[in-house]
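Hi,

Here is the structure I promised to pass on. Have a look at it first, and my notes on the side chains follow below.

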Amino acid sequence: MIRILSILSFIFILNVSSTAQEPGTPAPDGTKRIMKIYPNPAVSFIKFDFQKDYERGYTLHVLNFIGRQVNEIKNINASTTLDLSSYNRGVYIYQLKDMAGKLIESGKFQVAR
């Protein structure tokens, strides 16, 4: 029962925390997104493109639906392509963090096969 409640609360947080993926679209906290991700849903790859505020030292974390980290890309480029060949079908969360570990942006993408 506890596991079901934690999964349901995670789904709720996921839906509330990241509704838009386009740059310039306000995030739930009122700030503008700095990354564009596409295609979404994705099959074989997904691209992360900075639209503004790119700084060296950003780290991209990818988490699966249950919150386990499945990938970490350090010092990402202004345009980064992520190969999804080892990813299972489902919803994933990305987190962009700066050099100090502060969360800059987060969102979700779907892998469809």
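Helices (H or I, at least four residues) and strands (E, at least two) are DSSP runs here, numbered from the N terminus. On that scheme R33 sits in the loop between α1 and β1. Before going further: this is a predicted model, so I kept to pLDDT of at least 70 for local features and 80 or more for side-chain atom pairs, while totals for chains, interfaces and linings use all residues. Residues are numbered from 1 along each chain as its sequence is written, and side-chain values use heavy atoms, with hydrogens and water left out.

Charges to start with. Searching the whole structure turns up 1 salt bridge (a side-chain nitrogen of Lys or Arg within 4 Å of a carboxyl oxygen of Asp or Glu). The partners are E105 and R33, at 3.7 Å from N to O. They come from distant parts of the chain, 72 residues apart: E105 belongs to strand β7 (residues 103-111), and R33 to the loop between α1 (2-17) and β1 (35-38).

Is this pair buried or exposed? Both E105 and R33 are buried, where buried means under 20% relative accessible area, exposed over 50% and partly exposed in between (1.4 Å probe, protein chains only). For R33 the relative accessible area is 2%. The R33 side chain also reaches the backbone oxygen of S106, at 2.9 Å.

Now the rings. There are 6 aromatic pairs in the structure; rings of Phe, Tyr and Trp (its six-membered ring) pair if their centres lie within 6.5 Å, with planes under 30 degrees apart called stacked, over 60 edge-to-face and the rest tilted. One of them is F48 with Y94, edge-to-face at 5.5 Å centre to centre and 70 degrees between the planes. F48 and Y94 are both buried.

F48 pairs with F109 too: their ring centres are 6.2 Å apart and the planes stand at 80 degrees, so this one is edge-to-face. Here strand β2 is linked to strand β7, with F48 and F109 61 residues apart. F48 counts as buried because its relative accessibility is 0%, and F109 is buried at 2%. Ring pairs tie F48, Y87, Y92, Y94 and F109 into a cluster.

One last item: K36 lies over the face of Y38, 5.1 Å from the ring centre (the cut-offs are NZ of Lys or CZ of Arg within 6 Å of the ring centre and within 35 degrees of the ring normal).

Cheers

Terms used. A polar contact is a pair of N or O atoms within 3.5 Å; within protein, one must be able to donate a hydrogen and the other to accept it, and residues adjacent in sequence count only if both atoms are side-chain atoms.
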